[in-house]
Amino acid sequence: MTVTPGPPPARTTVGIVGAGPAGLLLARLLHLAGVDCVVLESRSRGYVERRQRAGILEQGTVDALRAAGAGERLDREGMPHDGVELRWGGRRHRVDFPSLTGGRRVWVYAQTEVVKDLVALQLNEGPPLLFDSPVSAVTGAGTGRPLVRYTRGGREHTLACDWVVGCDGFHGVTRRGVPDGALSTFERTYPYSWLGVLADVAPSHHELVYAHSPRGFALLSMRSPAVSRLYLQVPDGTDPSAWTDGRIWDELDARLAVDGDWSLARGPITQRSVLPMRSVVTEPMRWGRVLLAGDAAHIVPPTGAKGLNLAASDVVVLARAFGQLARTGSTAGLDAYSDTCLRRVWRAEHFSWFMTTTLHTAPGQSAFDTRLQLSQLERIAASPHAAAELAENYAGGPVG
Ligand code: APR
Ligand code: PHB
């Protein structure tokens, strides 16, 4: 049981809404920079730490977590990966990252573990992290003293802030604190979803496998040497309980199949969920004294493994800007925050769209479109330039 001693704080410099990766990493970086902040999270600690999400960290995100003092278990348990494998029509092609990106790689370390590491640090060292404290409204975005209204222990509270950062995800409330018409939303939805499962079985390949198949997309990922994380493209609205374990494994077998000697090991499925595929960007990522970071500002389809890494990049930029303000009084970093982050956001949106539309077979997709996809995959296998474009985008650049 996490108990925050004493009455909740009534004011702070930076009010942070949401204790996902964005809110937690921002709080940690601000704490290390000596900037006062408070994190308000609607859910319980247990819920936040159990929520199954992404699993791939770019090198820049790993560097940021290490710099935040949250890299010790990551370095011990995280799995560095130097490439991914693409599969189509029985073929397989490995894209190597270091040779195509000047040495960059990615790390497999679940978002749940990143969250646990950051929560433990914050509860031990501060700043205040209030679970079970849903924010109902953010007001005064255009004033010098925005207010965050939240409920805790059945009572209404108000946190007076100099700044508010919405790290409250796609369904958060912070965006609603900005006047109507001040924000523009750009979005694309994809006509399919992912059925994701956790299975107690060693991964059947040592790196991630992205498979194009006329039956639909499949992804082989992992959480540890003993736990597999696997995904299947399914129709929107799929009920995860409608798929038996056997049907899931049979479908994964069919979609991941390659010519030659390879087989998919099976094991008990311990968790399953269906997630939609969508791209959303909110511009600008700042209005007055309210700023947005992570999923509160942008959503990517998971095919490019960008969501967690974009969240980390946003808050590295933001923490640097708040540090500049604290040291020099300059708001230059804060003034440039939105434009700085949106350049990376749109690059990640394009890459995620590319990976999604190249690898998925949309309902009613024409044979012509399928040939285009296969031509693109053949191009990546044949051209180091095309492979480098994928590798550079997947492995990412320096964060922030
Ligand atoms: N009040 C307080 N907390 C809230 C509120 C609210 N009104 N609304 C949402 N939250 C909390 C959620 O419970 C969640 O813990 O905000 C947090 C948002 O966390 P994420 O959705 O994980 O978003 P973010 O921190 O930006 O991380 C992005 O998470 O969703 C994945 O794929 C995404 O990997 C990416 C990462
Ligand atoms: C995951 O391991 O959850 C994962 C990995 C790569 C992706 C998406 C999800 O592109």
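**Backbone features, domain contact and salt bridges**

Just after helix 3, G69 takes a positive phi of about 80°. Helices (H or I, at least four residues) and strands (E, at least two) are DSSP runs, numbered from the N terminus. This is a predicted model, in which local features need pLDDT of at least 70, side-chain atom pairs count only at pLDDT 80 or more, and totals for chains, interfaces and linings use all residues. Residues are numbered from 1 along each chain as its sequence is written, chains are lettered from A and ligands numbered from 1 in the order in which they are written, and side-chain values use heavy atoms, with hydrogens and water left out.

Helix 3 covers residues 59-67. Its buried residues are Q59, G60, T61, V62, A64 and L65. Buried means under 20% relative accessible area, exposed over 50%, and partly exposed in between (1.4 Å probe, protein chains only).

Most residues other than glycine have a negative phi, and most peptide bonds are trans. D132 is not a glycine, yet its phi is positive, about 50°. D132 sits in the loop between strand 8 and strand 9 (135-139). With a relative accessible area of 45%, D132 is partly exposed. A305, also not a glycine, has a positive phi of about 55°. The loop between strand 19 (298-299) and helix 8 (307-328) holds A305. At 16% relative accessibility, A305 is buried.

Two cis peptide bonds are described here. G126 and P127 are joined by one of them, with omega near 0°. P127 falls in the loop between helix 6 (111-125) and strand 8 (129-130). The bond from E283 to P284 is also cis, with omega about -15°. P284 belongs to the loop between strand 16 and strand 17 (286-287).

The domain assignment gives domain 1 (11-81 + 107-187 + 278-355) and domain 2 (188-277 + 361-395); such bounds come from an automatic or database assignment. The C-alpha centres of domain 1 and domain 2 lie 29 Å apart. The contact (heavy atoms within 4.5 Å) takes 25 residues from domain 1 and 27 residues from domain 2. About 2,100 Å² is buried between the two domains, 64% of it on carbon and sulfur atoms. Q52, H81 and R278 supply 25% of the area that domain 1 buries against domain 2, more than any other three residues. Buried area is the accessible area (1.4 Å probe) that two parts lose on being put together, summed over both.

A salt bridge is a side-chain nitrogen of Lys or Arg within 4 Å of a carboxyl oxygen of Asp or Glu. Seven residue pairs, both at pLDDT 80 or more, are in polar contact between the domains. On the side of domain 1 that touches domain 2, strand 3 (56-58), strand 4 (79-81), strand 16 (269-283) and helix 9 (332-359) each supply at least two residues. Helix 9 gives the largest share, five residues.

T358 is found in helix 9. At 8% relative accessible area, T358 is buried. Its side chain reaches the backbone oxygen of F354 at 2.7 Å. Leaving aside residues up to four places away in sequence, T358 touches H212, Q373, Q376 and L377.

The model has 25 salt bridges in total by the rule. E58 and K306 form one of them, at 2.6 Å from N to O. This pair links distant parts of the chain: E58 is in strand 3 and K306 in the loop between strand 19 and helix 8, 248 residues apart. E58 is buried at 3% relative accessible area. K306 is buried too, at 4%.

R91 and E378 meet at 2.3 Å, N to O. R91 lies in strand 6 (residues 91-96) and E378 in helix 10 (residues 367-382), 287 residues apart. R91 is partly exposed at 35% relative accessible area, and E378 is partly exposed at 34%.

E207 pairs with R94 in a salt bridge of 2.7 Å, N to O. E207 lies in the loop between strand 12 (184-199) and strand 13 (208-211) and R94 in strand 6, so the pair ties together parts 113 residues apart in sequence. E207 is buried at 5% relative accessibility, whereas R94 is partly exposed at 34%. Elsewhere, salt bridges that share partners join E72, R73, R76, E77, E113, K116 and D117 into one network.

Terms used: Polar contact = N/O pair within 3.5 Å; in protein donor to acceptor, adjacent residues only side chain to side chain.
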